[in-house]
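Subject: Structure handover

Hello,

Here is the structure we talked about handing over. Please open it next to this email and follow along.

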Amino acid sequence: MRAVVITEPGGPEVLQVQDVPDPTPKPDEVIVQVAAAGLNRADLLQRQGFYPPPPGASEYLGMEVSGTVAEVGDEVAGWNVGDRVCALLAGGGYAERVAVPVGQLMAVPSGVDLVAAAALPEVTCTVWSMVFGAAAGRLQPGESLLVHGGSSGIGTMAVQLATGRGSRVFVTAGSQAKLDVCRDLGADVGINYRNEDFVERVKAETDGAGVDVILDNMGASYLARNIEALATDGRLVVLGMQGGAKGELNLGALLTKRATVHAAGLRARPAQQKAAIVAEAQNAIWPMIEAGTVRPVVDSVLPLEDAGRAHQLMDDSGHIGKILLQL
């Protein structure tokens with residue numbers, strides 16, 4: 001089969017399509033014939049040599065795919081060859097075939113194109129577990145949510161889900177065009193971080209109270225300001241480090257607000273935890289997708305051979321929603 005191979009750590013130019021051995025399924029896995037793979041920021045870090053796959057995972061890039069079931073392991077029940085699926089992966093998605101633990105497999109929602117379905121697994125599972133999950137954001141109807149990077153794949157899904165579940169949604173983004181998309185998806189307040197302080201805007205819009213939950217992709221550079229923007233009993237959920245990995249935390253401010261800081265990712269979690277998140281996300285989000293109130297937001301679709309160009313697009317941060325590779 002063909003797969004994208006990292007020839008050496010570096011820029012987008014190090015990605016090459018090569019012939020590699022086909023995967024074989026373990027008893028509790030299926031083989032998916034890939035229609036499309038979604039890009040994620042973790043892929044860029046892995047390409048640069050900073051984020052190796054978890055032990056036992058495929059060495060190839062790609063944390064989510066859509067496609068059809070091509071083979072079924074001996075212990076797998078409920079799935080058949082030819083089923084239209086999308087899947088959450090620890091790696092291996094930039095390839096014609098990938099082995100998927102059965103618990104990380106999802107049926108493509110009705111009304112969603114097979115290629116576009118590759119934009120769903122990572123964003124739905126991440127947002128559900130981190131924004132709404134009992135161990136993280138615990139966002140409730142009537143509460144407020146601030147999403148940094150609101151026009152990203154994660155951001156566009158968070159905006160739709162929080163709006164659909166009755167929350168007031170604030171977003172930050174770096175251009176008016178991106179803010180306009182967020183507003184079209186349901187965001188109530190758009191903040192251009194290039195010329196406006198999000199803390200001041202949040203306080204102005206909430207009569208000084210702050211927001212209940214913040215979903216943050218920046219990390220260290222936003223840490224102190226995020227705490228300042230939180231409401232009493234607020235929850236800060238950190239899922240990225242685009243602004244650095246080490247920051248200084250004012251415990252006094254945290255104690256005064258009875259606030260919580262939670263940081264977590266999906267990729268390295270045990271298969272059992274991932275399966276539980278996948279099941280919860282499907283149960284909660286798939287009906288909203290099938291009703292047309294939530295949709296995958298796709299910026300662009302490129303062929304597998306253009307993986308390097310796709311990575312450059314993500315590096316440039318001009319995209320809105322997901323970038324996909326089509327096979």
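A residue is called buried when its relative accessible area is under 20%, exposed when that area is over 50%, and partly exposed in between. Please keep in mind that this is a predicted model.

With those cut-offs, L251 is a simple case: its relative accessibility is 54%, so the residue counts as exposed. L251 belongs to helix 7, which covers residues 251-257.

A57 is 33 residues away from A90 in sequence, yet the two C-alpha atoms are 5.8 Å apart in space.

Next, a pair of helices. Two packed helices are described by the angle between their axes and by the distance between those axes. Helix 2 (residues 121-132) packs with helix 3 (residues 153-164) at an angle of about 60 degrees, and their axes are 9 Å apart. Angles of 65 to 115 degrees count as roughly perpendicular and angles under 35 degrees as roughly parallel; helix 2 and helix 3 are therefore oblique to each other. Their crossing is right-handed.

For D207 phi is near 55 degrees, and for S317 it is near 60 degrees. D207 is in the loop between helix 5 (198-205) and strand 11 (211-216). S317 is in the loop between helix 9 (307-316) and strand 15 (322-326). Are these residues buried, partly exposed or exposed? D207 has a relative accessible area of 77%, so it is exposed. S317 has a relative accessibility of 29%, so it counts as partly exposed.

Now the salt bridges. How many does the structure hold? There are 13 salt bridges in the structure. One of them joins R2 and E305, whose closest N and O atoms are 2.2 Å apart. This pair links distant parts of the chain: R2 is in strand 1 (residues 2-6), E305 is in the loop between strand 14 (298-303) and helix 9, and the two are 303 residues apart. R2 counts as partly exposed because its relative accessibility is 26%. E305 is partly exposed too, at 48%.

R225 and D197 also form a salt bridge, with 2.9 Å between the closest N and O atoms. R225 lies in helix 6 (residues 223-229) and D197 in the loop between strand 10 (189-192) and helix 5, so this pair ties together parts that are 28 residues apart in sequence. The relative accessible area is 30% for R225, which makes it partly exposed. D197 is partly exposed as well, with 25%.

A further salt bridge connects D306 to R309, and here the closest N and O atoms are 3.2 Å apart. D306 has a relative accessibility of 25%, so it counts as partly exposed.

Regards

Terms used:
Residues numbered from 1 in each chain as written. Predicted model: local features only at pLDDT ≥ 70, side-chain atom pairs only at ≥ 80, totals over all residues. Heavy atoms only, no water. Helix = DSSP H or I, 4+ residues; strand = E, 2+ residues; numbered from the N terminus. Buried < 20%, exposed > 50% of the residue type's maximum accessible area, 1.4 Å probe, protein only. Axes fitted to C-alpha atoms, helices over the stretch in contact; angles between N-to-C directions. Parallel < 35°, antiparallel > 145°, perpendicular 65-115°, else oblique. Left-handed = near helix turned anticlockwise from the far one by under 90°. Salt bridge = Lys/Arg side-chain N within 4 Å of Asp/Glu carboxyl O.
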